[in-house]
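Let's walk through a protein together, from its overall build down to one helix. Please take a look at the sequence and the model before reading on.

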Amino acid sequence: MNNNTHNYISNSDIKIGLPAIEFKQLLNNRRTIIISDENLFCLYPQVFEGFDKIILPSGEDTKSLKTVELLISEFVKLNLDRNSFILGFGGGVICDITGFVASVFMRGLNFGFIASSLLAQIDAAIGGKNGVDFGNYKNYIGCFNNPEFVICDPILLKTLPDNEYKSGLGEVLKYAVIQSKNELFNYLNQNAEQILAKNQNSLNVVVNQCVKTKSDIVAKDPFDKGFRQILNFGHSFGHCIEKIENIPHGIAVVYGMRIALKLAVKKGLLSSDSQNNTLKLFAKFGFTEDIILSDEHFKILAGDKKKNLDLIKLVIITDIGKPEFVNFKIDEIKNLLK
Ligand SMILES: NC(=O)c1ccc[n+]([C@@H]2O[C@H](COP(=O)([O-])OP(=O)(O)OC[C@H]3O[C@@H](n4cnc5c(N)ncnc54)[C@H](O)[C@@H]3O)[C@@H](O)[C@H]2O)c1
């Protein structure tokens, strides 16, 4: 283990800074099958040496029941039993499907993740949500079950495509804005250049802060009954922007946060100073633009899972580090954003 390694114990043993290749020390000689995607397999062949592996196409389409069936057929061919271990090596898609299939095959095998994208290291691999999409419905089939361990090795992020890295940074900014002590907000303000340059020490700090923030929130509401939805800051608008503009999730979330900030100011819940300080931080990471919502966006928003009659429960902030739930009527949102 190197000096930058942090172990964060929640329901999973989260190892931040452990070199990915050292996953072998966590397997305790169990028979292990690696599930990954074609990109990781090409970039990191050394991880797979000596292991049975199942390599899936990359992309959201892989997160389907069809892939679950394919994986289970492969498990049967490989003669897996209840003592076998399943390791997911990849971004959020691979983590979500690995966690799900490992949880349901033979009523549950132990599993772990090497999270390879920034979004997976700070979000998808943390908190115990696993699942697949069902047609156009995202994450409609799934379960809560924590991996035994999660390795978050920031060196892997060096090969992550720029747009995917930017998407992860969008979620990092979300944590910075909702985290109560403003530690991450201040750190990002002071270290934007290093983070954009993927400096390993800075990334260790960032991943550590995000994992701690998410784990603390999840610990208060592990099954997502209410409080955990504070993590959805920027997501109600983000989801419809992601669908219509077809842009990566975290980038859409930043557009969504900008709208939520504006609404909070217009409703007199947030000061313009706090809004400006937040927008200045976003700008340091290259997020400077707004999106004007169209009728098409509003149609999706009205059909959002978080809808209750014509009221939408949105997460807004009343100050940096102070997220709250506020109900808005769709028409009120339209008027405030005019
Ligand atoms: N379970 C949860 O709590 C949770 C939370 C947030 C998001 N998610 C899910 O996560 C998914 C999105 O995850 P994502 O953004 O990681 O997307 P992804 O898994 O599709 O990965 C993005 C792309 O980057 C590539 N990639 C990943 N790591 C790489 C690396 N180190 N080097 C080079 N290429 C690499 C992948 O092959 C893929 O092409 C969505 O399906 C979303 O629903 C789940």
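A residue is called buried if 20 or more other C-beta atoms lie within 10 Å of its own, exposed if 12 or fewer do, and partly exposed in between, with the C-beta atoms placed from the backbone. By that count, buried residues make up 44% of the 338 residues in the protein. What you see is a predicted model, in which local features need pLDDT of at least 70 and side-chain atom pairs count only at pLDDT 80 or more, while totals for chains, interfaces and linings use all residues. Residues are numbered from 1 along each chain as its sequence is written.

Now for the overall build. The protein has 13 helices and twelve strands; these are DSSP runs numbered from the N terminus, with helices (H or I) of at least four residues and strands (E) of at least two. Its radius of gyration, taken over C-alpha atoms, is 20 Å, close to the 20 Å that the globule rule gives for 338 residues, so the protein is as compact as a globular protein of that length. That rule is 2.2 Å times the number of residues to the power 0.38. Along the principal axes, the C-alpha trace spans about 60 × 45 × 35 Å.

Next, look for the two domains, whose bounds come from an automatic or database domain assignment. Domain 1 covers 6-158 and domain 2 covers 163-337. Their contact takes 21 residues from domain 1 and 23 residues from domain 2, where two residues are in contact if their C-beta atoms, placed from the backbone, lie within 7 Å. On the side of domain 1 that touches domain 2, strand S1 (6-9), strand S2 (13-16) and helix H5 (118-124) each give two or more residues. H5 gives the most, with five residues.

H5 turns up again around the ligand: together with helix H1 (38-43), helix H4 (92-104), strand S8 (137-144) and helix H6 (162-178), H5 is among the elements that each supply at least two residues of the shell. In total, 29 residues surround the ligand, and the closest are Gly91, Gly92, Ser116, Ser117 and Ala124. To be counted here, a residue needs its C-beta atom, placed from the backbone, within 6 Å of the molecule.

Finally, find helix H9 (residues 235-245). Eight of its eleven residues are buried, so H9 is largely enclosed by the rest of the structure. Among the buried ones are His235, Phe237 and Cys240. Their cover includes helix H10 (249-266), helix H12 (295-302) and strand S11 (311-319). Just after H9, Asn246 takes a positive phi of about 55°.
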